[in-house]
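Please read the following note with the model open beside you.

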Amino acid sequence: VQLQASGGGLVQAGGSLRLSCSATGSSFRFFPMRWYRQAPGKERELVAAITTEGKEYVDSVKGRFTISRDNAEKKVYLQMDNVKPEDTGTYYCSTHWSRRTYWGQGTQVTVSS
């Protein structure tokens, strides 16, 4: 399984950004997909997840971020609306499959106030 995240950049507070994660793997549609972020000096935190059971979000992004997936394209997205400076960080997509955890390379999101 290989994951590649993209779509990061510089955005003003209140703006929007859409992150994408491309995956390989014939069983992608079953992969539980997650977006994490890591701010400078802080631990990596789970932001959003999409699994066969539904979607989950960390409280700080509920109502602002939306995770989705396109199984035919083997992609997962993170739509980020009304972003805040505290959303700044490196965003990683990840999955756990067949007893292994896989990570994308990360994409940087910077929100200016």
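**Note on side-chain contacts**

1. Arg64 is buried, because its relative accessible area is 9% and buried means under 20% (exposed is over 50%, partly exposed in between; 1.4 Å probe, protein chains only). The model is predicted: local features need pLDDT of at least 70, side-chain atom pairs count only at pLDDT 80 or more, and totals for chains, interfaces and linings use all residues. Residues are numbered from 1 along each chain as its sequence is written, and side-chain values use heavy atoms, with hydrogens and water left out.

2. Side chains of opposite charge can pair when their charged atoms come close. The model has 4 salt bridges, a salt bridge being a side-chain nitrogen of Lys or Arg within 4 Å of a carboxyl oxygen of Asp or Glu. One of them joins Asp87 to Arg64, at 2.8 Å from N to O. Asp87 is in the loop between E8 and E9, and Arg64 is in the loop between strand E6 (54–57) and strand E7 (65–70), so this bridge ties together parts 23 residues apart in sequence. Strands (E, at least two residues) are DSSP runs, numbered from the N terminus.

3. Asp87 has a relative accessible area of 0% and is therefore buried. Asp87 also forms a salt bridge with Arg37, with the closest N and O atoms 2.9 Å apart. Arg37 lies in strand E4, so here the parts tied together are 50 residues apart in sequence. Arg37 counts as buried at 6% relative accessibility.

4. Glu45 forms a salt bridge with Arg37 as well, the closest N and O atoms being 2.7 Å apart. Glu45 counts as partly exposed, at 29% relative accessibility. Together, Arg37, Glu45, Arg64 and Asp87 are linked in a network of salt bridges.

5. The whole structure holds 4 aromatic pairs. Rings of Phe, Tyr and Trp (its six-membered ring) pair if their centres lie within 6.5 Å; planes under 30 degrees apart count as stacked, over 60 as edge-to-face and the rest as tilted. Phe31 and Trp97 have ring centres 5.0 Å apart and planes at 50 degrees, so their pair is tilted. Phe31 is buried at 2% relative accessibility, whereas Trp97 is partly exposed at 29%. Ring pairs link Phe28, Phe31 and Trp97 into a cluster.

6. Arg44 lies over the face of Trp103, at 4.6 Å from the ring centre. For this, NZ of Lys or CZ of Arg must be within 6 Å of the ring centre and within 35 degrees of the ring normal. Arg18 lies likewise over the face of Tyr77, at 4.2 Å.

How values were computed
Helix = DSSP H or I, 4+ residues; strand = E, 2+ residues; numbered from the N terminus.
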